[in-house]
Amino acid sequence: MERIAAWLHEKNPGLEGPIDVDEDLIEARLIDSMDFLEFVDLLEEISGSVIDLQEVTIDDFRTLSRVEKRFLNLP
């Protein structure tokens, strides 16, 4: 999660402090449409798995908690 938080801070230089795991990343505009595919690439790199965008929904990316549950707790 540290790499994801660092990436979010890099993309949002005015962001201070930690990001709450339940903060809506999309509503808070921490991830926008221009950054979304880069975010997916980052998650694929961290998880070591390919993310099939046909099998996920935007809600899977909405919070750090959901991201961790959906993509980082792989068997």
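**Packing of the helices**

Helix 2 and helix 3 are oblique to each other, the class left for angles that are not under 35 degrees (roughly parallel), over 145 (roughly antiparallel) or 65 to 115 (roughly perpendicular). Their axes cross at roughly 50° and come within 10 Å. Here axes are lines fitted to C-alpha atoms, for helices over the stretch in contact, and angles run from 0 to 180 degrees between N-to-C directions. Helices are DSSP runs of H or I with at least four residues, numbered from the N terminus.

The model is predicted, so that local features need pLDDT of at least 70 and side-chain atom pairs count only at pLDDT 80 or more, while totals for chains, interfaces and linings use all residues. Residues are numbered from 1 along each chain as its sequence is written, and side-chain values use heavy atoms, with hydrogens and water left out.

The crossing of helix 2 with helix 3 is right-handed, meaning that the near helix is turned clockwise from the far one by less than a right angle. On the helix 2 side, Phe39, Leu43, Ile46 and Ser47 meet Val67, Phe71 and Leu72 of helix 3; contact means heavy atoms within 4.5 Å. These residues comprise six nonpolar, one polar and no charged. In this classification Ala, Val, Leu, Ile, Met, Phe, Trp, Tyr, Cys and Pro are nonpolar, Asp, Glu, Lys and Arg are charged, and the others, Gly among them, are polar.

Helix 3 spans residues 64–72, and its buried residues are Leu64, Val67 and Phe71, where buried means under 20% relative accessible area with a 1.4 Å probe, protein chains only. Viewed down the axis of helix 3, these residues fall within an arc of 60°, so they line one face of the helix; the arc is that of the directions from the helix axis to the C-beta atoms. They pack against helix 1 and helix 2.

How do helix 1 and helix 2 pack? Helix 1 (residues 2–11) and helix 2 (residues 33–47) have axes 11 Å apart, at an angle of about 160°, which makes helix 1 roughly antiparallel to helix 2. Their crossing is right-handed. Arg3, Ile4, Trp7 and Lys11 of helix 1 make the contact with Asp35, Glu38, Phe39, Leu42, Leu43, Glu45 and Ile46 of helix 2. By class, this contact has six nonpolar, no polar and five charged residues.

Asp35, located in helix 2, counts as buried because its relative accessibility is 15%. Apart from neighbours within four places in sequence, Asp35 is in contact with Trp7 and Lys11.

Methods
Helix = DSSP H or I, 4+ residues; strand = E, 2+ residues; numbered from the N terminus. Buried < 20%, exposed > 50% of the residue type's maximum accessible area, 1.4 Å probe, protein only.
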